[in-house]
Amino acid sequence: MELDMDRMNAFLHRFVGDLGAVMAAGGIVVGDRLGLYRALADKPWQPAELAEHTGTASRYVEEWLRGQAAGGYVEYDPDSGAYSLTAEQAFALTDPDGLLYAPGAFQLALGALRALPEITDAFRTGEGVGWHEHDEDVFTGCERFFRPGYAAHLLTEWLPALDGVTAKLGAGARVADVGCGLGASTILMARAFPQSEFIGSDYHEGSIVQARSRAADAGCDGRLTFQVASAQTFAGGPYELVTTFDCLHDMGNPVAAARHIRRSLADDGTWMIVEPFAGDTVADNLNPVGRVYYSFSTFLCVPNALSQDGGHALGAQAGERSIHKIAAEAGFTRFRRVGETPFNIVYEARP
């Protein structure tokens with residue numbers, strides 16, 4: 001085999017970058033957990049000073065800083081030997097309520113990779129690996145990754161884009177947040193619309209336990225309840241609004257779930273579907289965002305769907321055509337895209 005050395009070098013460049021990114025993920029989570037980024041956002045530090053300030057060991061911090069600077073996550077001044085963060089780095093690395101919180105994404109990735117033995121076996125057997133079987137960092141990291149986007153867009157863009165929904169919520173409506181996880185989306189809505197009643201549901205009991213605790217801390221648990229239930233068994237209704245945030249594609253039978261949602265809606269109700277940003281074809285998704293989602297989907301979304309009855313495994317890059325088809329099969333006659341971000345597309349489905 002004769003190699004094209006230009007193409008070989010280009011692949012080598014990609015490989016080195018990916019290898020560095022994989023190993024850097026652990027350092028990013030360490031920096032978040034130890035408060036190193038938060039300290040660097042305040043002022044430049046010498047390694048020993050940063051270590052003393054954060055109660056960490058100087059030699060570890062020194063090596064961590066060098067790697068972070070090499071990856072572009074920290075700035076280094078060779079004249080003074082000090083390290084610091086730019087405003088943009090600080091925004092992405094220290095603000096859990098900002099538009100992007102990078103440490104949460106890396107926490108999710110590292111948590112997902114801990115299932116490597118189980119996923120490898122699943123490749124051989126074709127069996128699934130349920131969401132509940134994953135490491136705790138998957139649940140917490142997922143919430144920390146997606147919540148900033150919800151906080152930035154849900155109340156100001158996505159809900160107002162739905163036909164008449166914010167008026168109903170302001171007057172008092174019943175809302176079901178299906179597949180709510182730790183309850184980030186449910187709590188955001190409950191705090192914004194005190195006249196409405198919200199019910200969050202998820203099949204994972206551990207997530208519901210945390211969601212209940214967070215609702216109590218947020219001061220809205222009286223109007224907000226959480227139940228352990230799947231998308232096909234959640235109770236209550238009729239609901240003026242049902243929401244599914246980044247979870248429809250994880251379901252083994254999304255059509256059955258959509259039909260249950262349809263039955264649970266009031267006659268003039270709305271289903272808001274938030275899904276990962278995706279085009280309708282593989283070629284549409286061969287880009288950095290698609291790579292992220294296909295990779296997560298291999299470890300999380302497809303295995304979870306295959307662990308359930310139904311035989312579906314849409315994956316995180318299902319695209320609008322697939323989501324529309326599910327809604328139509330469930331009896332929804334109106335469907336439209338109402339919003340998008342670099343990471344999500346929002347759809348409205350109505351009876």
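Angles under 35 degrees count as roughly parallel, over 145 as roughly antiparallel, 65 to 115 as roughly perpendicular and the rest as oblique. I wanted that on the page before looking at helix pairs.

**Ground rules.** I'm working on a predicted model, where local features need pLDDT of at least 70, side-chain atom pairs count only at pLDDT 80 or more, and totals for chains, interfaces and linings use all residues. Residues are numbered from 1 along each chain as its sequence is written, and side-chain values use heavy atoms, with hydrogens and water left out.

**Helix pairs.** My helices are DSSP runs of H or I, at least four residues, numbered from the N terminus. I looked up α6 and α13: they pack at about 55°, axes 10 Å apart. The axes are lines fitted to C-alpha atoms over the stretch in contact, and angles run from 0 to 180 degrees between N-to-C directions. The two helices are therefore oblique to each other. Their crossing is left-handed, meaning the near helix is turned anticlockwise from the far one by less than a right angle; clockwise would be right-handed.

Next I took α3 (residues 47-54) against α4, and got about 120° with the axes 8 Å apart. That makes α3 oblique to α4. This crossing is right-handed.

**Largest pocket.** I get about 1100 Å³ of space here. Of its 34 lining residues, the closest to the centre are Ala21, Ala25, Phe106, Ala109 and Val292. For the record, a pocket is an open set of points on a 1 Å grid over the protein atoms alone, where a 1.4 Å probe fits, with protein on both sides within 12 Å along at least five of seven lines; lining residues have an atom within 4 Å of a point. Volume is the space filled by probe spheres set on the points, which are joined across faces, edges and corners.

Which helix gives the most to this lining? I found α1, with eight residues. Helices supplying at least two residues are α1 (5-33), α4 (58-71), α5 (87-94), α6 (102-113) and α13 (288-306). By class I have 24 nonpolar, seven polar and three charged, with Asp, Glu, Lys and Arg as charged, Ala, Val, Leu, Ile, Met, Phe, Trp, Tyr, Cys and Pro as nonpolar, and the others, Gly among them, as polar. Domain 1 (5-92) and domain 2 (103-350) each give at least three residues; those bounds come from an automatic or database assignment.

**Second largest pocket.** About 800 Å³ here. I count 43 lining residues, with Gly179, Asp202, Asp246, Cys247 and Asp250 nearest the centre. α8 (136-161), α10 (184-192) and α13 each give two or more, and α8 gives the most, seven. The classes are 22 nonpolar, 15 polar and six charged.
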